[in-house]
Amino acid sequence: MLLSASGSSGIMMIITYIILFGVIIYFMTIRPQRKQQKAADEMHAAMKAGDSVLTTSGFYGVIIDIMDDTVIVEFGNNRNCRIPMQKEAIAAVDKPNLKKTEEE
């Protein structure tokens, strides 16, 4: 009787450790990644024509047009370098209209 009781308590401790490590992994990796993805999705949904953007490759530009999953971004001062790219390639958005209303 003692052997079976100690054997089952050892298995319960192993299962408890596995569950504990699973919870730790969830809160340290999966949850923050989901928050970051949600913030990026909200940023991409709020983009509008005229917003200044920073691409994942480090280029600054201005959004000219937005389609389903594609945006047309204008780069440079000469106004003739327009490149279509996916929304996921936009790393940061600067809304110039919000800054003007805050200053007034």
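Select F75. At 10% relative accessibility, F75 counts as buried. Here buried means under 20% relative accessible area, exposed means over 50%, and partly exposed lies in between, with a 1.4 Å probe and protein chains only. The model is predicted: local features need pLDDT of at least 70, side-chain atom pairs count only at pLDDT 80 or more, and totals for chains, interfaces and linings use all residues. Residues are numbered from 1 along each chain as its sequence is written, and side-chain values use heavy atoms, with hydrogens and water left out.

**Zoom out: the whole chain**

Switch to a cartoon view. The protein has 2 helices and 5 strands. Helices (H or I, at least four residues) and strands (E, at least two) are DSSP runs, numbered from the N terminus. Read from that terminus, the order of elements is α-β-β-β-β-β-α. Of the 104 residues, 14% count as buried. Among contacts between residues at least 6 apart in sequence, 36% join residues at least 24 apart.

**The sheet**

Colour the strands. The 5 strands make an open sheet with antiparallel pairing, in the order β4-β3-β2-β1-β5. Which strands stand at the edges? They are β4 (81–86) and β5 (90–94); each has a single partner strand, so one side of each lacks a neighbour in the sheet. On average, neighbouring strands are turned by 40 degrees against each other, direction ignored. Axes here are lines fitted to C-alpha atoms, for helices over the stretch in contact, and angles run from 0 to 180 degrees between N-to-C directions.

Two strands pair if DSSP finds at least two bridges between them. Cross the sheet from β4:

- β3 and β4 run antiparallel and are joined by 6 bridges. Pick T70: its bridge partner in β4 is Q86.
- β2 (residues 60–66) and β3 pair in the antiparallel sense over 4 bridges.
- β1 and β2 run antiparallel, with 3 bridges between them. Pick L54: its bridge partner in β2 is Y60.
- β1 and β5 pair in the antiparallel sense over 4 bridges. Pick V53: its bridge partner in β5 is V93.

**Two glycines in the hairpins**

Go to G58. The hairpin of β1 and β2 has 4 residues between the strands, and G58 takes a positive phi near 95 degrees there. Then G76. The hairpin of β3 and β4 has 5 residues between the strands, and G76 has a positive phi near 85 degrees.

**Strand β1, face by face**

Beyond its neighbours within four places in sequence, V53 contacts F59, Y60, G61, I63, V73, I90, A92 and V93.

**The core**

**E74 on β3**

E74 counts as buried, at 6% relative accessibility. Its bridge partner is V62. The E74 side chain makes a polar contact with the side chain of R82 (3.1 Å). A polar contact is a pair of N or O atoms within 3.5 Å; within protein, one must be able to donate a hydrogen and the other to accept it, and residues adjacent in sequence count only if both atoms are side-chain atoms. Not counting residues up to four places away in sequence, E74 touches G61, V62, I64, R79, C81 and R82.

**Aromatic pairs**

Finish on the rings. Rings of Phe, Tyr and Trp (its six-membered ring) pair if their centres lie within 6.5 Å; planes under 30 degrees apart count as stacked, over 60 as edge-to-face and the rest as tilted. That gives 2 aromatic pairs. Y26 and F27 have ring centres 5.1 Å apart and planes at 80 degrees, so this pair is edge-to-face. Y26 is partly exposed at 33% relative accessibility, and F27 is partly exposed at 45%. F59 and F75 are also edge-to-face, 6.1 Å centre to centre with 70 degrees between the planes. F59 lies in the loop between β1 (52–55) and β2 and F75 in strand β3, so the pair ties together parts that are 16 residues apart in sequence.

How values were computed:
Contact means heavy atoms within 4.5 Å.
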